[in-house]
Amino acid sequence: MSFKKFYQSFQTLVKKAPTEKLEMGKRYVILSDLHLGDGGSRDDLKPNQEIVETALEQFYLPNNYTLILNGDIEDLNKFNYPAICKAWPKLYNLFNRFAQDNRLRKIVGNHDLSLLNAKDYPYPLIHGLNIVKNETTICVFHGHQASKLFSNFDYISEFIVRYMAKPLHIKNASVAHHSKRRFSVERKIYRAARDMGILAIIGHTHRPLFESLSKYDSLRWSIEELLREYAVADPDRRLQIRALIDLYRSELERISKNGKRKEISRSLYSTDAFPVPCLFNSGCATGKQGITAIELDGDSISLVHWSQEGKNRPYIEKEALYRDRIDQGIIRYTLKSDNLEQIGMRISLLGKRKDAETFTPL
């Protein structure tokens with residue numbers, strides 16, 4: 001799909017999406033890509049079941065968050081809906097409790113798109129949601145709309161996964177496991193959000209992004225800041241900086257070994273002198289060390305990571321701004337956080353093209 005074609009479809013999505021205001025005291029949590037299965041060995045969420053259910057039941061539900069499920073919640077490309085419901089009674093009960101208080105928003109992705117044709121699905125389904133904070137529009141959508149493979153071959157690829165990969169026990173191959181497609185999707189959405197002057201929150205690629213920065217980019221920027229600070233730091237602070245740089249460098253090397261170096265180092269904003277903080281990604285709930293989510297709380301936006309105590313990498317322990325210990329040894333780490341008004345100002349000043357169509361929420 002060309003960028004022009006995606007840009008036009010994205011404008012339509014934003015205009016048609018329902019709109020809500022983010023007022024002080026209002027809270028949202030955005031989760032995507034749970035990939036619920038039948039509870040068996042090929043169910044991608046099964047290893048993180050306790051984390052997800054504990055986070056919803058003991059933190060987000062009692063703290064008055066509205067739950068946004070941003071696509072690929074049920075993996076209907078590999079499993080049928082009745083089998084999924086049977087395998088996850090507690091999780092669906094939690095969804096029901098959010099829905100009863102009008103605190104559930106369900107956005108479809110490419111793996112659960114067929115729910116739009118289901119007659120007995122209990123929750124309203126949408127393609128995107130606009131959340132408006134003062135002059136800033138936040139569009140939450142899954143992100144598969146920017147994928148060339150889905151746009152051109154959606155029904156063919158669903159047939160292949162359902163009737164060929166499933167019987168052969170082939171692991172689901174999606175954009176999340178393909179670096180080139182992942183970067184292509186992210187760059188299209190980044191450019192479109194930048195040109196429209198809005199903030200986009202997606203899932204789909206399974207890669208957490210905060211202010212258009214991947215973990216790799218964020219680490220490199222952190223090292224640059226530490227190097228500048230080192231020149232004027234006192235001896236004690238210099239020891240701390242050395243330790244942090246060693247830790248971040250080790251994490252960078254680990255990431256580099258897991259992918260092609262050229263693809264990892266290619267920036268989403270390669271043509272921009274300054275990154276525009278218009279693209280965020282909640283990551284996924286199927287990570288090896290836990291789950292990630294995006295939180296909106298009044299005037300702030302945060303990237304959080306949930307994991308079992310003692311199962312995180314040292315990087316997470318050092319990088320986290322805050323830690324909240326929940327029952328059963330589960331910890332919520334706030335990794336990044338920023339003020340939405342300041343983000344909106346930076347998008348307005350650095351991003352929007354003069355010839356881009358202005359978006360005004362209803």
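Okay, let's start with the ring cluster: Tyr81, Tyr92, Phe95, Tyr121 and Tyr123 are linked by ring pairs. Rings of Phe, Tyr and Trp (for Trp, the six-membered ring) pair if their centres lie within 6.5 Å. One thing to keep in mind is that this is a predicted model, where local features need pLDDT of at least 70 and side-chain atom pairs count only at pLDDT 80 or more, while totals for chains, interfaces and linings use all residues. Also, residues are numbered from 1 along each chain as its sequence is written, and side-chain values use heavy atoms, with hydrogens and water left out.

Let's zoom in on Phe59 and Tyr65: the ring centres are 5.9 Å apart and the planes sit at 35°. Buried means under 20% relative accessible area, exposed means over 50%, and partly exposed is in between, using a 1.4 Å probe and protein chains only.

Lys46 has its charged end over the ring of Trp88, 5.4 Å from the centre. Over the face of Tyr230 you'll find Arg238, at 4.4 Å from the ring centre. The rule for this is NZ of Lys or CZ of Arg within 6 Å of the ring centre and within 35 degrees of the ring normal.

Now, two asparagines. Asn64 isn't a glycine, yet has a positive phi of about 65°. Where is Asn64? Look in the loop between α2 (49-60) and β3 (65-70); there Asn64 is partly exposed, at 47% relative accessibility. Asn102, again not a glycine, has a positive phi of about 60°. Its loop runs between α4 (89-100) and β4 (104-107), and at 54% Asn102 counts as exposed.

Last, let's zoom out. The chain has 11 helices and 13 strands, taken as DSSP runs numbered from the N terminus: helices are H or I with at least four residues, strands are E with at least two. Out of 362 residues, 54% count as buried. And for contacts (heavy atoms within 4.5 Å) with a separation of 6 or more, 76% come from residues 24 or more positions apart.

Definitions and conventions. Phe/Tyr/Trp six-rings, centres within 6.5 Å; stacked < 30°, edge-to-face > 60°.
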